[in-house]
Amino acid sequence: MTHPARSMLPMALAALLALAAPVHAQQNAQGNAQRSAQGSGASGSGIWTYGAHPLWGLSASVTTGGESVGLRCLPDRGFTHPAAALMLTPGLVRPHANFAPTEAIQRYRFVGDPAIGEGMIAQVPGGHFELQGSTCDVSLDSFKAARALLFYDETADVMALDDETAERAPGLIARIPLDGAKAAIDKLVRACPAIRKDIDNGCGI
């Protein structure tokens, strides 16, 4: 005689597996999308390109070490409005106790160019962080002139670093190569009326 509880067990397991399958498939799809974003641009080779990025669309960008940096054109709305946007994936920024959960700090230094700094950057619906402003605000010229862009955590004093010490400093979280950045950004500039107007106008000054 078959025990009723034992005969129902295989059916229950099959039902649970059927319910779990869509969740597992969704998790796989999300993971594939993240890997696609990380491998975008020049297939994660660290060479800047101008083209479509899976997170922020048409832009000059690079992907390396699982992180992406990019610059994109904003609509031409006149001198008093932002002309360009800097985009960063979440691993390049750090939260701050005084900021909202959708805000973070970026601490950076260019190698081979004097531009350094730190400031707030906001998270946008796509999940990455974005700063909109003039071409000076997004350091357009530094991206074209420098050899690399370095990002640091909250323990670093970027003001105390120079080209000799910057790449060995404690707190370094990422080194973004700028190989091909000038050519990619030149294509962005040619395609973007707002950026060209901002450059001609001295960063909106």
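1. Surface. The protein chain exposes about 11,200 Å², and carbon and sulfur atoms supply 57% of that area; accessible areas come from the Shrake-Rupley method with a 1.4 Å probe, and for residues only the protein chains shown count as cover. Of the 205 residues in the protein chain, 38% are buried (under 20% relative accessible area; exposed is over 50%, partly exposed in between; 1.4 Å probe, protein chains only).

2. Basis. This is a predicted model, in which local features need pLDDT of at least 70 and side-chain atom pairs count only at pLDDT 80 or more, while totals for chains, interfaces and linings use all residues. Residues are numbered from 1 along each chain as its sequence is written, and side-chain values use heavy atoms, with hydrogens and water left out.

3. Elements. The protein chain has 4 helices and 9 strands, both being DSSP runs numbered from the N terminus (helices: H or I, at least four residues; strands: E, at least two). Their order from the N terminus is α-β-β-β-β-β-β-β-α-β-β-α-α. Among contacts (heavy atoms within 4.5 Å) between residues at least 6 apart in sequence, 56% join residues at least 24 apart.

4. The 9 strands form an open sheet with antiparallel pairing, in the order 1-2-3-4-7-6-5-8-9; two strands pair if DSSP finds at least two bridges between them. Strand 1 (49-53) and strand 9 (172-177) are the edge strands, each pairing on one side only. On average, neighbouring strands of this sheet are turned by 35° against each other, direction ignored. Axes are lines fitted to C-alpha atoms, for helices over the stretch in contact, and angles run from 0 to 180 degrees between N-to-C directions.

5. Strand 7. Which strands pair with strand 7? Strand 4 (residues 84-88) runs antiparallel to strand 7 and is joined to it by 5 bridges; strand 6 (residues 116-123) pairs with strand 7 (residues 129-133) in the antiparallel sense over 2 bridges. Phenylalanine 129 in strand 7 stands opposite leucine 88 and also opposite glutamine 123. The hairpin of strand 6 and strand 7 has 5 residues between the strands, and glycine 127 there takes a positive phi near 100°.

6. Helix 3. Helix 3 (residues 181-191) lies across strand 1, strand 2 (57-64) and strand 3 (67-73), at about 70° to strand 1. Its buried residues are Ala181, Ala184, Ile185, Asp186, Leu188 and Val189. Their cover includes strands 1, 2 and 3, together with helix 2 (140-145) and helix 4 (193-200).

7. Cavity. There is 1 cavity of 30 Å³ or more, and the largest cavity holds about 50 Å³ of space. A cavity is a set of points on a 1 Å grid over the protein atoms alone where a 1.4 Å probe fits but cannot get out; lining residues have an atom within 4 Å of a point. Grid points are joined across faces, edges and corners, and a volume is the space filled by probe spheres set on the points. The lining of the largest cavity includes Asp76, Phe79, His81, Ala194 and Lys197.

8. Asparagine 201. This residue lies in the segment after helix 4. Asparagine 201 counts as partly exposed because its relative accessibility is 22%. Asparagine 201 and phenylalanine 79 are 122 residues apart in sequence, with 7.7 Å between their C-alpha atoms.

Conventions
1 Å grid on protein atoms, 1.4 Å probe; cavity = no way out; pocket = protein on both sides within 12 Å on 5 of 7 lines; lining within 4 Å.
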